[in-house]
Amino acid sequence: MTILNADLHCHSTVSDGTLEPEALAARAKANGVELWALTDHDEVGGQHRAAAAARALGLPYLSGVEISVTFAGLTVHIVGLGVDPDDPQLVAGLAHTRGGRERRAREMADQLAAVGIRGAFEGALKYVGNPELISRTHFARYLVEAGVCHDTHEVFRRFLTDGKPGYVEHRWAALGDAVRWIRDAGGVAVIAHPARYAHPNPTQEYALFAEFKAHGGQAVEVVTGSHSSAEAARYADLALEFGLAASRGSDFHSPDESHCDLGGLPYLEGRLTPVWELLADRIVH
Ligand code: AMP
Ligand code: MN
Ligand code: MN
Ligand code: MN
């Protein structure tokens, strides 16, 4: 059924969110979420806590992760839903994907120092819950604290993105590896927020969908906190064209930063196959 307040994308302190998994579960429940997944970046360390908290609240839960992938020179995010968080290949693949974040962060700080912003590595680290997961979000919070920008959205307009100070190119996991880790761990792979990628031309976007599908990917986020209604309609069409199921998730990070709260999204259109229909046996009640 497509009319379900599912929220299958958000972040805790285990990656770059500001709430603990238990606080997210409580917020999801209070906001009327009917099926929830925590999808931290490149890390499943919060999964048992999230599942236990959801269970105690009577909130159906799907395990999740959001894997950073490099595809044709762009960073693309692939969400895995219903994965076994203890699957050794998945755990090892994620550890490998996280490796290099610290070196990248030191290079980011060097670039920021070169434009007069000192102490950014140590500053970002203060916001980090999990040292292996130091991310641009943590730098953004520090730049706001330091008075360089008014909010994190301004940070990403002026810094930390391609061509701006503090952007360091990084090689993440390969698309085929990420999809395989998810599938072999019993999960379904989902292209996250597809409208967010700056593909140089429509052919490259088509190639992403085609290769994802060829590797065994099964779904795409259609309704997300980072899609307009026009974008949601466009990716609904693309989901049907590629025979992919549709997912729905706020990408909530923080009560202070996120535009879209947990459970605050429009429903999926009835013409789509919701991803949770592929995952009925993976839902924890
Ligand atoms: P990283 O994995 O270190 O490259 O950090 C990526 C994270 O930065 C994303 O998951 C978002 O939380 C955040 N982010 C990236 N771009 C933007 C943006 N334009 N506006 C707000 N947050 C962003
Ligand atoms: Mn994030
Ligand atoms: Mn993402
Ligand atoms: Mn996300």
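How many salt bridges does a search of the whole structure find? The search finds 15 salt bridges, a salt bridge being a side-chain nitrogen of Lys or Arg within 4 Å of a carboxyl oxygen of Asp or Glu. The model is predicted: local features need pLDDT of at least 70 and side-chain atom pairs count only at pLDDT 80 or more, while totals for chains, interfaces and linings use all residues. Residues are numbered from 1 along each chain as its sequence is written, chains are lettered from A and ligands numbered from 1 in the order in which they are written, and side-chain values use heavy atoms, with hydrogens and water left out.

**View 1. Helix 10 (residues 229-242) and its span.** Helices (H or I, at least four residues) and strands (E, at least two) are DSSP runs, numbered from the N terminus. At 1.5 Å a residue, the 14 residues of helix 10 should span 20 Å, and the end C-alpha atoms are 20 Å apart, which agrees; the expected span is 1.5 Å times one less than the number of residues. Gly243 follows helix 10 and has a positive phi, near 65 degrees.

**View 2. The buried face of helix 10.** Ala232, Tyr235, Ala236, Leu238, Ala239 and Phe242 are buried in helix 10 (buried means under 20% relative accessible area, exposed over 50%, partly exposed in between; 1.4 Å probe, protein chains only). Seen down the helix axis, these buried residues fall within an arc of 170 degrees, so they line one face of helix 10; the arc is that of the directions from the helix axis to the C-beta atoms. They pack against helix 9 (202-214) and strand 6 (219-224), contact meaning heavy atoms within 4.5 Å. Ser229 and Ala230, on the other side of helix 10, are exposed.

**View 3. The salt bridge between Asp42 and Arg101.** The closest N and O atoms of this pair are 3.2 Å apart. Distant parts of the chain are linked, 59 residues apart: Asp42 lies in the loop between strand 2 (35-36) and helix 2 (47-57), and Arg101 in helix 4 (residues 101-114). Asp42 is buried, at 0% relative accessible area, and Arg101 is buried at 5%.

**View 4. Salt bridges of Arg271 with Asp237 and Glu269.** The side chains of Asp237 and Arg271 meet at 2.8 Å, N to O. This pair joins helix 10, which holds Asp237, to the segment after strand 7 (245-249), which holds Arg271, 34 residues apart. Arg271 also meets Glu269, at 2.6 Å, N to O. Partly exposed are Asp237, with a relative accessible area of 43%, Arg271, at 40%, and Glu269, at 32%.
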